[in-house]
Amino acid sequence: MSGAALGLEIVFVFFLALFLLHRYGDFKKQHRLVIVATLLAWYLCFLIVFILPLDVSTTIYNRCKLAVNSSPAESNGSYVTLAPSKQKCFKPWSYIPDGIMPIFWRVVYWTSQFLTWILLPFMQSYARSGGFSITGKIKTALIENAIYYGTYLLIFGAFLIYVAVNPKFNLQWNQLQTIGIAAANTWGLFLLVLLLGYGLVEIPRSHWNGAKRGYLLMKTYFKAAKLMTEKADAEENLEDIMEEVRKVSESIKYNHPLRKCVDTILKKCPTEYQERMGRNMDDYEDFDERQNSYPSEKSLAKLHKQVIYSVQRHRRTQVQWQILLEQAFYLEDVAKNESSATRQFVHTFHSQEPENKIIQYFYTPTVEWYWECLLRPWFYRVLAVVLATFSVIVVWSECTFFSTKPVLSLFAVFIQLAEKTYNYIYIEMACFLTIFFLSICVYSTVFRIRVFNYYYLASHHQTDAYSLLFSGMLFCRLTPPLCLNFLGLTHMDATISHKNTQPTAYTSIMGSMKVLSFIADGFYIYYPMLVVILCIATYFSLGTRCLNLLGFQQFMGDSEMTSDLIDEGKELIRREKRKRQRQEEGENRRREWKERYGNRDDSTRSRAVHTDQKESSFSETNANRPLSKYTRSNGRTERDRIELLQDAEPLDFNADSVNDDPLESESGR
């Protein structure tokens with residue numbers, strides 16, 4: 001089993017990162033380099049979280065071996081036995097041979113740092129560039145990142161000059177490397193505590209509120225009202241951008257040097273706009289530089305960038321609106337089925353996607369009713385209590401992990417108790433649950449936060465390239481300080497425990513923080529205590545209240561604006577529900593009409609075609625008669641009229657084909 005656990009986790013984490021990226025990204029439409037870079041960043045960060053417990057168990061075994069080798073001992077099979085105390089050092093099932101972990105951590109860490117500080121920022125600018133060639137996009141990305149890279153080079157150069165001039169400092173290369181790592185971890189720890197303080201409170205509270213059907217339904221109505229506003233804004237913005245594209249397309253003709261750039265912009269537009277612009281364009285008209293003023297290539301690049309952004313935003317809001325409608329309809333169905341006497345879950349609308357037959361066989365309407373109406377609320381309450389308990393333990397340990405005598409950190413107590421008995425499975429499970437919960441609190445906050453429309457991770461393949469790359473940057477900057485914080489909570493870091501023991505392989509590549517004592521003994525220890533203040537602020541929703549005061553509508557139960565948006569969202573959902581009901585009723589009537597009169601219409605059409613063939617042959621034989629063409633024309637017109645009446649389907653005046661909005665009907669004409 002030596003190294004087998006490491007290989008299995010490497011493969012499992014890869015497919016986990018691939019699954020999450022497929023949920024948020026779009027493999028078909030987004031650039032391959034964006035997909036590969038984001039996948040690599042997510043994969044490396046998740047890999048650190050899953051492999052670190054194996055590093056801890058291997059380190060504990062190595063410490064035991066060192067203790068055994070320092071006293072008289074005898075070897076016996078796969079473990080070493082101390083002569084006086086008969087203590088045994090069993091080799092863990094997931095033991096990783098010496099020399100593998102340091103190389104592994106060094107490759108993973110420096111690759112992630114290269115991604116987050118150099119490659120991903122450059123690719124962000126490249127992805128958002130509106131250039132029409134690879135060279136133009138690279139040039140734009142370099143110009144945008146010149147200040148970003150120049151600031152770091154200036155700070156690093158000033159520090160090197162200061163060290164070279166000052167005789168008190170005699171720093172070597174490994175010490176400079178440690179200073180760079182400490183600076184990166186300090187920046188990451190500053191952001192880590194902010195996200196952790198939010199996640200420790202919001203995750204248990206969201207699961208507790210998930211058991212409240214009325215709460216979820218009211219919040220869905222609130223989201224519907226906000227999303228409708230955003231959806232209307234996205235449609236208006238897209239119309240404005242398409243109008244600019246139309247003007248540019250009409251002014252720059254087919255033989256203009258910039259026509260290739262215009263064609264590139266048109267390919268990014270939706271299909272209906274492309275067809276409309278193609279009909280209104282006259283490609284046979286030459287351009288005249290003297291009479292007309294044409295846009296420059298720089299302005300076309302800016303327009304290209306706006307088209308990409310507006311089309312992506314419009315598509316995202318459309319998809320999110322449909323998903324939100326399904327959620328609202330389902331929550332309303334749950335509220336109706338709670339009082340059902342038959343105890344069978346009845347849906348208002350059938351699922352538009354085909355369901356798996358295996359799921360249909362086991363997840364019957366009766367099972368669905370018991371799960372949704374009885375079991376699921378209690379399951380969410382129990383899960384919320386468990387998560388809240390974990391949050392309390394984390395907050396307590398963050399405030400007391402610096403105390404070594406006595407040991408107050410509960411995570412350190414658990415690990416030390418298991419270390420005495422060398423129960424490696426318990427050690428790995430305790431370490432995995434601890435760092436997994438910390439990662440969920442931090443990473444889920446990264447997935448939830450939204451910075452206007454510049455950064456937003458939207459599921460169902462609706463996340464743009466910029467947001468994907470930005471999330472990869474955040475993960476790579478947050479994961480190393482998260483792991484160091486975990487090792488400090490469990491007292492596996494020698495800087496915290498103040499013991500002269502063998503460090504973990506992950507700690508060894510970070511170097512000794514004694515080079516910067518004010519960071520190792522000050523910032524790393526006392527700054528995480530701020531998580532208490534952040535948890536209190538999150539519990540009382542201070543950030544939500546501040547955003548609400550600034551004009552950003554947030555869901556608050558005691559706010560008049562929230563009540564108005566809930567009422568507006570409820571009316572929107574009710575309107576969409578009636579619309580879908582009319583649509584299904586119309587489809588059912590059409591289906592019944594085809595099933596009832598389909599065969600009769602087919603026979604009538606065949607007879608009409610046969611009669612038409614006979615009369616046409618008869619008219620050909622009598623072509624010399626003077627009035628034959630008029631008679632045949634009138635007969636054909638009458639027969640065409642009869643066939644049209646036979647082919648016609650019943651008109652549903654309640655269906656969506658009848659438009660209630662005169663503006664939309666006018667635009668359709």
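Which residues are linked with Arg-316 in a network of salt bridges? In this predicted model, the network joins Arg-316 with Glu-230 and Arg-450.

Two packed helices are described by the angle between their axes and the distance between the axes. Helix α2 covers residues 32-69 and helix α3 covers residues 100-128. Their axes come within 10 Å and cross at roughly 150°, and the crossing of α2 and α3 is left-handed. On the α2 side, the residues that meet α3 include Leu-33, Val-34, Ala-37, Leu-40, Leu-44, Ile-48 and Asp-55. On the α3 side, the residues in contact include Met-101, Phe-104, Trp-105, Val-108, Thr-111, Ser-112 and Leu-115.

The text now turns to charged side chains. Side chains of opposite charge can pair when their charged atoms come close. A search of the whole structure finds 12 salt bridges, and three of these pairs are described here in turn.

One of the pairs is found in helix α5, which spans residues 173-210. There, Arg-205 and Glu-202 are three residues apart, about one turn of the helix. Their side chains form a salt bridge with an N to O distance of 2.9 Å. Glu-202 has a relative accessibility of 14% and therefore counts as buried, because buried means under 20% relative accessible area. Arg-205, with a relative accessible area of 23%, is partly exposed.

Arg-450 forms a salt bridge with Glu-230, and the closest N and O atoms are 2.6 Å apart. Arg-450 belongs to strand β4 (residues 450-451), whereas Glu-230 belongs to helix α6 (residues 213-251), so this pair ties together parts that are 220 residues apart in sequence. Glu-230 is buried, with a relative accessible area of 13%, while Arg-450 counts as partly exposed at 34% relative accessibility. Glu-230 and Arg-450 are linked with Arg-316 in the network of salt bridges.

Key:
Residues numbered from 1 in each chain as written. Predicted model: local features only at pLDDT ≥ 70, side-chain atom pairs only at ≥ 80, totals over all residues. Heavy atoms only, no water. Axes fitted to C-alpha atoms, helices over the stretch in contact; angles between N-to-C directions. Helix = DSSP H or I, 4+ residues; strand = E, 2+ residues; numbered from the N terminus. Left-handed = near helix turned anticlockwise from the far one by under 90°. Contact = heavy atoms within 4.5 Å. Salt bridge = Lys/Arg side-chain N within 4 Å of Asp/Glu carboxyl O. Buried < 20%, exposed > 50% of the residue type's maximum accessible area, 1.4 Å probe, protein only.
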